[in-house]
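Colleague: I have a few minutes before the next run. Can you walk me through this model?

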Amino acid sequence: MTAGVAPGCPVDAAFDPLSPAYLDDPYAIMAALPLAEAPIFYAPSIGYHVVTRYADIAQVFDDPATYSAAVAQAPLVPLSPEAQRILLDGGHAPQPSMVSLDEPAHARLRKPAARAFAVKRVNDLVPTIRRVAGELLDGVAAGAEFDLIGELAFPLPASIVFSLIGVPEADVPQLKRWCGYRAALGWGRPRPEDQVEIATHMAAYRRYLRELVDRKRAARGDDLTSDLLAIHDEDPERLALAEIASILFSLSFAGHETTTGLIGNTVRRLLEAPERWDAIVREPALIPAAVDESLRFDPSVPVWRRVTTRPVTLAGVELPRGARLFLWLAAANRDASVFPDPDRFDLHRHNADQHLAFGKGLHYCLGAHLGKVEARIVLDELTRRFPRLRLVPGQRLSFHPNISFRGPQQLRVRVAP
């Protein structure tokens with residue numbers, strides 16, 4: 001059972017992270033809230049306690065025994081009986097992947113999955129990432145206008161992570177589509193009439209990954225799936241075939257969706273004030289700082305979730321067991337006690353890398369290094385090829401309606417000759 005509002009906790013009946021106003025500009029909503037006086041408040045629209053202060057969110061991440069990951073991808077709205085049946089019949093269990101598992105199950109799956117994102121393996125990918133980025137940009141001519149997301153930020157991370165997993169190139173577009181349905185299911189508010197369609201796609205997604213594992217058993221390759229099967233061969237009880245499919249389910253989404261958002265958000269924030277773009281053109285050594293400051297200023301994962309396993313006091317509020325927590329990472333990243341002048345994008349901020357965009361502790365994002373490397377290579381390629389890149393004026397940005405993943409769905413840019 002989940003708990004309702006904790007006694008004495010402020011309630012904000014107007015706060016809705018899926019409202020059009022919030023999706024358009026969550027930072028305007030944030031600025032209007034009295035977070036200094038109420039760093040935690042209850043939002044009836046989602047049934048979660050919203051935690052906003054850096055120290056409190058860090059405390060949650062550092063205490064996984066008290067704050068369980070079980071709700072990390074739980075649907076925000078009740079699913080129809082038909083949608084539930086389709087999901088369960090398709091193998092989509094209530095706790096289906098690493099992000100929603102606690103210890104010891106989480107660690108048992110995370111250790112083999114981490115092989116895909118080891119620093120050496122990621123560094124070995126640098127030439128491939130640069131080659132793919134270059135090929136994607138080769139078709140963009142000087143003076144042209146193009147959608148940075150569709151032409152680069154969307155296909156690049158997908159190509160890299162699905163290649164790591166061992167997905168055939170021809171299947172990549174289908175998996176990207178399925179990932180969009182996954183975001184709607186776990187972090188959106190799908191209408192009842194849409195849930196059956198979403199559940200059907202999710203079941204197909206699960207089935208594809210199980211079949212991929214079966215195909216790789218018969219034909220191994222130089223990829224993560226084959227590496228995981230080698231562990232299974234050594235000791236089937238250490239890593240079951242179903243668990244390999246579960247790992248692939250986690251990584252096939254987290255390994256690219258967040259990076260697409262990171263690239264889009266970073267380029268947007270640099271171009272919306274052209275002097276920022278011009279600064280990294282003049283001084284490419286600022287590119288890593290630009291990526292970290294973008295992760296702080298406008299993270300592609302602005303929210304994560306936890307649920308209390310016991311009564312606990314957080315930010316002065318006595319939470320009961322079962323209290324659901326909406327960890328507003330974007331707000332923590334603008335906590336003035338950690339980041340002075342937090343609403344200013346600062347390429348020279350000394351502690352930008354202390355952001356919480358990748359989480360903290362046991363569940364720290366496995367793909368953090370890969371995502372940052374990809375974003376840095378993209379900026380390096382763009383600034384070298386198109387030093388006078390600019391945003392197309394007058395465009396209205398749109399964002400996928402979910403609480404946890406944020407990046408522009410399109411970002412039109414113009415290449416000045």
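Modeller: Strand E1 (residues 40-43) and E2 run antiparallel, joined by four bridges. Keep in mind that this is a predicted model.

Colleague: What do E1 and E2 form, and how many residues sit between them?

Modeller: A hairpin, with four residues between the two strands. Gly47 is in the turn and has a positive phi of about 75 degrees.

Colleague: Which residue in E2 is the bridge partner of Ala43?

Modeller: Tyr48.

Colleague: Where do the side chains of E2 point?

Modeller: Strand E2 covers residues 48-51. Tyr48 and Val50 point one way, His49 and Val51 the other. All are buried. In general, side chains in a regular strand alternate between the two faces of the sheet.

Colleague: And how does E2 run against E8, parallel or antiparallel?

Modeller: Parallel, with three bridges joining E2 to strand E8 (residues 324-328). His49 stands opposite Leu325 in E8.

Colleague: How many bridges join E9 to E10?

Modeller: Three, and E10 spans residues 412-415. Arg390 stands opposite Arg414 in E10.

Colleague: Helices now. At what angle do the axes of H7 and H9 cross?

Modeller: Roughly 145 degrees, and the axes come within 10 Å. H7 is residues 126-137 and H9 is residues 155-165. The crossing is right-handed.

Colleague: Which residues make the contact?

Modeller: From H7, Thr128, Ile129, Val132, Ala133 and Leu136. From H9, Pro155, Leu156, Ser159 and Ile160. By class, that is seven nonpolar, two polar and no charged residues.

Colleague: Switching to Arg296. Where does Arg296 lie?

Modeller: In helix H16 (residues 287-297).

Colleague: Is Arg296 buried or exposed?

Modeller: Buried, because its relative accessibility is 0%.

Colleague: What does the side chain of Arg296 reach?

Modeller: The backbone oxygen of Arg344, at 3.2 Å. Setting aside neighbours within four places in sequence, Arg296 is in contact with several residues, among them Asn333, Phe339, Pro342 and His355. Arg334, Arg344 and Arg349 are also among its contacts.

Colleague: What is the phi of Ala315?

Modeller: Positive, about 55 degrees, although Ala315 is not a glycine. Ala315 lies in the loop between strand E6 (312-314) and strand E7 (317-319).

Colleague: Why does Ala315 count as partly exposed?

Modeller: Because its relative accessibility is 21%, and buried means under 20%.

Colleague: And what about the phi of Asp341?

Modeller: Also positive, at about 50 degrees, and Asp341 is not a glycine either. Asp341 sits in the loop between helix H17 (329-332) and helix H18 (368-385). At 45% relative accessibility, Asp341 counts as partly exposed.

Colleague: Thanks, that covers my list.

Key
Residues are numbered from 1 along each chain as its sequence is written. This is a predicted model: local features need pLDDT of at least 70, side-chain atom pairs count only at pLDDT 80 or more; totals for chains, interfaces and linings use all residues. Side-chain values use heavy atoms; hydrogens and water are left out. Buried means under 20% relative accessible area, exposed over 50%, partly exposed in between (1.4 Å probe, protein chains only). Axes are lines fitted to C-alpha atoms, for helices over the stretch in contact, and angles run from 0 to 180 degrees between N-to-C directions. A crossing is left-handed if the near helix is turned anticlockwise from the far one by less than a right angle, and right-handed if clockwise. Contact means heavy atoms within 4.5 Å. Ala, Val, Leu, Ile, Met, Phe, Trp, Tyr, Cys and Pro count as nonpolar, Asp, Glu, Lys and Arg as charged, and the others, Gly among them, as polar. Two strands pair if DSSP finds at least two bridges between them. A polar contact is a pair of N or O atoms within 3.5 Å; within protein, one must be able to donate a hydrogen and the other to accept it, and residues adjacent in sequence count only if both atoms are side-chain atoms.
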